[in-house]
Amino acid sequence: TESGEIVFVGSNSYIKRALLLGFLRKTYGDRFVHVGGRSEVRGEKLNDIVTSAKIVVGDSVPSDNYWSNRIYEMLGRGAFLIHPKVEGLEKEFTYYKHFVPFDYGHFAQLKMIIDYYLVHDKEREAIRSAGHWYCKNNYTYTKRAEQLINIVQKYVIQHNRVKRGTLG
């Protein structure tokens with residue numbers, strides 16, 4: 001079984017991620033597990049892996065206002081997540097309440113954060129629980145579909161008002 005105290009889920013798709021994975025492997029040895037690097041892991045098996053880990057480290061290609069769906073997936077599966085700061089992400093989640101951020105590429109800071117949360121179980125559990133609850137209540141596919149339907153409905157109403165000349 002693929003389990004460890006510290007887990008990364010996803011491919012090794014670009015050089016900066018390879019550096020992150022190398023750092024985690026070198027620093028934490030067999031306490032670190034990379035899941036999904038060679039084959040995709042989904043379903044209950046992935047749930048078991050991320051909930052049995054103390055820490056899941058996330059990553060996303062650096063770009064303002066873009067982040068991987070991995071954040072929603074890991075939090076939604078009940079992981080305690082440490083993820084790089086991304087401009088705009090603070091509009092979706094509250095840092096240190098739903099997950100713990102670190103400065104992208106700042107491995108010394110990441111190590112301090114991981115080491116802290118490995119031994120502070122109550123704080124880690126409070127953040128994990130809050131992130132899981134928040135994600136399940138705000139970012140499921142059903143919730144996203146409802147948001148999309150509301151946007152489309154507003155657009156149709158606005159469009160019809162403009163078409164009838166009743167926009168005022």
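A: Happy to! One definition to start: buried means under 20% relative accessible area, exposed means over 50%, and partly exposed is in between (1.4 Å probe, protein chains only). Now some background: this is a predicted model, where local features need pLDDT of at least 70 and side-chain atom pairs count only at pLDDT 80 or more, while totals for chains, interfaces and linings use all residues. Residues are numbered from 1 along each chain as its sequence is written, and side-chain values use heavy atoms, leaving out hydrogens and water.

Q: Thanks! Is Tyr 96 buried, exposed or partly exposed?
A: Tyr 96 counts as partly exposed, because its relative accessible area is 48%. Its phi is near 70°, a positive value in a residue other than glycine.

Q: Where does Tyr 96 lie?
A: Tyr 96 lies in the loop between β4 (81-84) and β5 (100-102). Helices (H or I, at least four residues) and strands (E, at least two) are DSSP runs, numbered from the N terminus.

Q: And what is phi of Asn 65 near?
A: Phi of Asn 65 is near 60°, again positive in a residue other than glycine. You'll find Asn 65 in the loop between β3 (55-57) and α3 (70-76).

Q: What about Asp 59, buried or exposed?
A: Asp 59 is buried, because its relative accessible area is 2%. Its place is in the loop between β3 and α3.

Q: Which side chain does Asp 59 join in a polar contact?
A: The side chains of Asp 59 and Tyr 14 are joined by a polar contact of 2.7 Å. Such a contact is a pair of N or O atoms within 3.5 Å; within protein, one must be able to donate a hydrogen and the other to accept it, and residues adjacent in sequence count only if both atoms are side-chain atoms.

Q: New topic: where is Asn 138?
A: Asn 138 is in helix α5 (residues 121-138), and its side chain reaches the backbone oxygen of Tyr 134 at 2.8 Å. Asn 138 is partly exposed, because its relative accessible area is 26%.

Q: Which residues is Asn 138 in contact with?
A: Leaving aside neighbours within four places in sequence, Asn 138 is in contact with Lys 143 and Gln 147. Contact means heavy atoms within 4.5 Å.

Q: Last one: which element has the lowest mean pLDDT?
A: That is α6, at 86, while helix α4 (residues 107-119) has the highest, 98. pLDDT is the predictor's confidence in each residue, from 0 to 100.
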